[in-house]
Amino acid sequence: MTTDASARAIKPELLRTYTEDFNKDRANLIAADAAVSAGVLKAATDYRGVRALPRDFSIELKQGSITNQERSGRCWMFASLNTLRYELMHRWNLEDFEFSETYLFFWDAMEKSNTYLENVLRTLDEPTDSRLFEAINWGPSDDGGWWQMFAALVNKYGLVPKSAYPESENSRNSDDFKQYLNSKLREFAAELRRRSAAGAGEDELRTLKDEYMGTVYRICAVSLGEPPEKFDFFARTKDDAEDDKKCDGKDESCKREDKSDAKACKCDKNKDKTGKDERPQIREIGITPLEFYKKYVPVDVNDFATLANAPLKSRPFNRRYRIRFSANVVEAGDMEFVNVPLDVFKKAALDQLTAGHPIWFACDCTQFALRKDGFFDQSVVRVDQLFGTEFTGDKAHGLEYGDSPSNHAMTFTGVNLGEDGKPNRWKVENSWGKDAGKDGYYVMSDAWFDRYVTELIIRKEYLDDATRALLTAEPVEIDPWQPLTRRCR
């Protein structure tokens, strides 16, 4: 390559050619008017693509109210809790339910802080500008995460309903809280490294770390409030049997021709109704978070596996991978996944949805997406037409070059099957509130699924035998800066 500065610069004569070519094409002028006035996404929206993605689905799950992570990076936590609340609601016949996201957010901040300081102690000999230490030091206690981080927290701390530990200003908008927590953690890291260089032994450093964790607890408790050790739980179940009761005409009181008196028919569901809520109740006094999880959540968070679809030469299919330095709960171990071909990946998703269970998934939510209107589809967001250039990168390119990493987790709650029995669109429950998408829900084309969905959390019972066997295979370790290591936010 030449080092001549004039050869590397943008040449004035080329700029004149560029502007002449731009202004000669009427389509460029129209596109510029639209994009400058309305923004790229609105200008690129194709109404034909929108019409090709109706919001009805042949398989659809009944979920609770839409949740909202607001200005925080807790999508992975919301998506995880949304999968569990579905199972809880239908097991206990509840109209609606929401877990406390703040409860796990508190403990995640504590555990990530502890793991960060432990990782600092593991890498005392690493230069601060080494790639490994930079990866460790990037976000000591940032918001992002994966399903396995969620499972580690639930195993250790259990779950509580939102009423027992509601949202706070710093859980809804976490930037300030995490900024100063991370700053303090980096100060602690510097002091641990300084003490080590001065000759301090492991016992002295770990004692110092334990003192530091007291400060971490204080920052978390001031920002979020202390989490409950025990709480009371109250809920009313749906009275489906009463609501669905219909008069079959068999009772003698229902055979009179004159039924003007509503109380005359014993089958009438309004008979002897008062203003009192007679629905069955669930009441718990002084239950612990772990007791609540084990009693009321009808699934075990350890009965799920992480499947990835990453068609990379460096990540051969049908192998188990482990990401170094990726744990949040240090004793729970690092994050793992099994990389499988697309057909295996998609079949597992279809089998689980068909059986009536939602699915946690991760994707790049920014690509060819109308985040306000609720569409994920390249045929809807026609930036190729707007800019006059094709976007030809495939899934491997997007992962290898960091163009479409997993950055957001959501929940599949439906799928539409065509006449051939194959999926053509997917229903997505998001955690951006009911004003995003259509009442909080999104529709995703099957082509977008193939291109941008990279991770699924699947119940082990819906894995084929070959994939299930991979869960116990010897893992291949990968570094924390490689593809598929970015946390969802």
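Modeller: Helices (H or I, at least four residues) and strands (E, at least two) are DSSP runs, numbered from the N terminus. This is a predicted model, in which local features need pLDDT of at least 70 and side-chain atom pairs count only at pLDDT 80 or more, while totals for chains, interfaces and linings use all residues. Residues are numbered from 1 along each chain as its sequence is written, and side-chain values use heavy atoms, with hydrogens and water left out.

Colleague: How many helices and strands are there in the protein chain?

Modeller: The C-alpha atoms of the chain fill a box of roughly 100 × 70 × 45 Å along the principal axes. The count for the protein chain is 19 helices and 14 strands.

Colleague: What percentage of the 489 residues in the protein chain is buried?

Modeller: A residue is buried under 20% relative accessible area, exposed over 50% and partly exposed in between (1.4 Å probe, protein chains only). Of the 489 residues in the protein chain, the buried share is 49%.

Colleague: Are H6 and H7 parallel, antiparallel, perpendicular or oblique to each other?

Modeller: Axes are lines fitted to C-alpha atoms, for helices over the stretch in contact, and angles run from 0 to 180 degrees between N-to-C directions. The axes of H6 and H7 (residues 101-122) come within 11 Å and cross at roughly 130°. Angles under 35 degrees count as roughly parallel, over 145 as roughly antiparallel, 65 to 115 as roughly perpendicular and the rest as oblique. H6 and H7 are therefore oblique.

Colleague: How is H11 oriented relative to H12?

Modeller: Helix H11 (residues 175-197) packs against helix H12 (residues 202-224) with axes 11 Å apart and an angle of about 170°. That angle makes the orientation of H11 to H12 roughly antiparallel.

Colleague: Which residues does Thr 467 touch, not counting residues up to four places away in sequence?

Modeller: Thr 467 lies in helix H19 (residues 465-470) and counts as buried because its relative accessibility is 3%. Contact means heavy atoms within 4.5 Å. Leaving out residues up to four places away in sequence, Thr 467 touches Leu 307, Val 338, Val 340 and Val 344.
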